[in-house]
Amino acid sequence: MHIIHANLAKGFRGGERQTVLLIKELAANANISRQTLVCQPDSPMRGELSGVPKLRIVAAKHQLMGHHATGKAKIVHAHEAKAVHWAWLHRVLYKSEYIITRRVDTPIKRKPTNLIFYKKAHSCVAISNIIANELTSLTSKHIPIIPSAFTPSSPSLEIAQSLKHQYPGRFIIGHIGAVVDRHKGQRILIEAAELLEKEYPELLFIFFGKGEDESALRKESSHLSNVKWMGFKSNILDYIEAFDLFAFPSRNEGLGSILLDVMNAKVPIIASNTGGIPDIVKHQKTGILVQPDNARAFKEAIVMLYKDEDLANHISENAFLRLKKYSSKSMADSYLNIYLK
């Protein structure tokens with residue numbers, strides 16, 4: 001079976017990491033004869049997938065490119081919004097069936113073209129319950145839920161230890177995400193840091209990522225002694241083990257696959273009770289959920305886990321034990337069942 005994966009996103013975020021994990025896992029499956037990835041000419045996925053057997057990569061800057069070079073396949077798998085357009089057009093040109101994975105919890109615009117694209121798909125897959133509910137409003141077909149997977153890793157302890165040594169005696173609260181406040185809510189965490197600065201000077205907030213709001217947020221938090229900006233790190237998994245706590249104040253979130261990587265590192269989590277996050281973060285079982293857009297709620301939750309080490313250890317250990325269902329093999333097996341149908 002030949003599978004075409006289409007992901008035309010620029011940059012490398014959660015959806016692109018999941019695309020990479022799926023392709024790598026499927027490469028070892030006897031049912032898959034070959035795979036093709038259609039992506040941007042400069043996509044970081046190219047480097048991530050270097051050396052993967054039976055994989056061809058085709059460049060496409062937009063939805064109209066790459067079809068002739070790719071040719072016919074049994075199935076096209078669209079991994080993000082622009083890829084949905086690409087998959088529909090490929091079906092028109094080559095009669096290849098396509099499936100869609102929806103990864104964001106924002107409402108789908110009810111444009112006539114979108115209605116056609118989703119209704120013509122052989123299957124629409126959601127990564128969380130809230131996304132499944134949105135897709136149900138567009139199609140009468142059954143919506144499978146296939147959550148994202150954590151990234152198998154052997155992190156460099158030297159990098160984590162180096163970060164710890166850089167800030168001796170500090171309790172590190174980490175955040176990882178695209179620096180886009182309307183999505184990831186970094187301003188909420190900055191406000192929480194301001195509330196905690198004088199009372200708990202040993203707490204240190206460290207932000208990883210890049211994005212359109214980075215310059216503004218750096219400036220807004222420059223007066224705070226407990227906030228540090230680290231920029232984008234391609235090897236971000238090496239840094240997670242330096243965190244004493246992970247804070248995720250997203251304003252909306254399809255699932256939040258970085259949370260799975262944090263759970264794999266046994267770092268306790270505080271996250272917004274929004275979008276698909278509650279699918280994986282169960283309050284006081286695998287993390288702490290707080291009211292979205294509420295800096296004071298984040299402050300109180302941070303103090304609670306800082307003071308209650310037993311609770312922090314309990315939720316991080318419990319989260320780690322539940323990760324089996326979020327493996328890349330589990331994800332690939334679920335997609336393979338859809339491909340075979």
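## Strands and their neighbours

Strand β10 (residues 245–248) is covered on both faces: L245 and A247 on one side, and F246 and F248 on the other, are all buried. Buried here means under 20% relative accessible area, exposed means over 50%, and partly exposed is in between (1.4 Å probe, protein chains only). In a regular strand the side chains alternate between the two faces of the sheet.

Before going further, a word on the ground rules. This is a predicted model, in which local features need pLDDT of at least 70 and side-chain atom pairs count only at pLDDT 80 or more, while totals for chains, interfaces and linings use all residues. Residues are numbered from 1 along each chain as its sequence is written, and side-chain values use heavy atoms, with hydrogens and water left out. Helices (H or I, at least four residues) and strands (E, at least two) are DSSP runs, numbered from the N terminus, and two strands pair if DSSP finds at least two bridges between them.

Which sheet does β10 belong to? β10 sits in an open sheet of six strands, ordered β9-β8-β7-β10-β11-β12, with parallel pairing. At the edges stand β9 (227–231) and β12 (288–290), each with a single partner strand, so one side of each has no neighbour in the sheet. On average, neighbouring strands of this sheet are turned by 25 degrees against each other, direction ignored. Such angles run from 0 to 180 degrees between N-to-C directions, with axes being lines fitted to C-alpha atoms, for helices over the stretch in contact.

Strand β7 (residues 171–176) pairs with β10 in the parallel sense over two bridges, and G174 has F246 of β10 as its bridge partner. β10 also pairs with strand β11 (residues 269–272), again in the parallel sense, over three bridges; there, A247 has I270 of β11 as its bridge partner.

Now move to strand β8 (residues 203–208), which pairs with β9 in the parallel sense over four bridges. Six of the six residues of β8 are buried, so this strand is largely enclosed by the rest of the structure. L203, F205 and F207 point one way from β8, while L204, I206 and F208 point the other way. The bridge partner of F207 is W229 in β9. β7 and β8 pair in the parallel sense over six bridges, and I172 has L204 of β8 as its bridge partner.

A further open sheet of six strands runs in the order β3-β2-β1-β4-β5-β6, with parallel pairing. Its edge strands, β3 (55–59) and β6 (123–126), each pair on one side only. Neighbouring strands here are turned by 20 degrees against each other on average, direction ignored. Within this sheet, strand β1 (residues 2–6) and strand β4 (residues 75–78) pair in the parallel sense over four bridges, and H5 has H77 of β4 as its bridge partner.

## Residues worth a look

Most residues other than glycine have a negative phi, and most peptide bonds are trans. K54, though not a glycine, has a positive phi of about 55 degrees, and K266 has a positive phi near 60 degrees.

Is S140 buried or exposed? At 80% relative accessibility, S140 counts as exposed. S140 is found in the loop between α6 (129–136) and α7 (157–166). S140 and K119 are 21 residues apart in sequence and 8.5 Å apart in space, C-alpha to C-alpha.

The cysteines C39, at 0% relative accessibility, and C124, at 3%, both count as buried. The structure holds zero disulfides, a disulfide being a pair of cysteine sulfur atoms within 2.5 Å.

## A pocket to finish

The second largest pocket holds about 250 Å³ of space. Its lining has 19 residues, with P144, I145, I146, S334 and I338 nearest the centre. Helix α16 (residues 328–340) gives the largest share of that lining, five residues.

A pocket is an open set of points on a 1 Å grid over the protein atoms alone, where a 1.4 Å probe fits, with protein on both sides within 12 Å along at least five of seven lines; lining residues have an atom within 4 Å of a point. Grid points are joined across faces, edges and corners, and a volume is the space filled by probe spheres set on the points.
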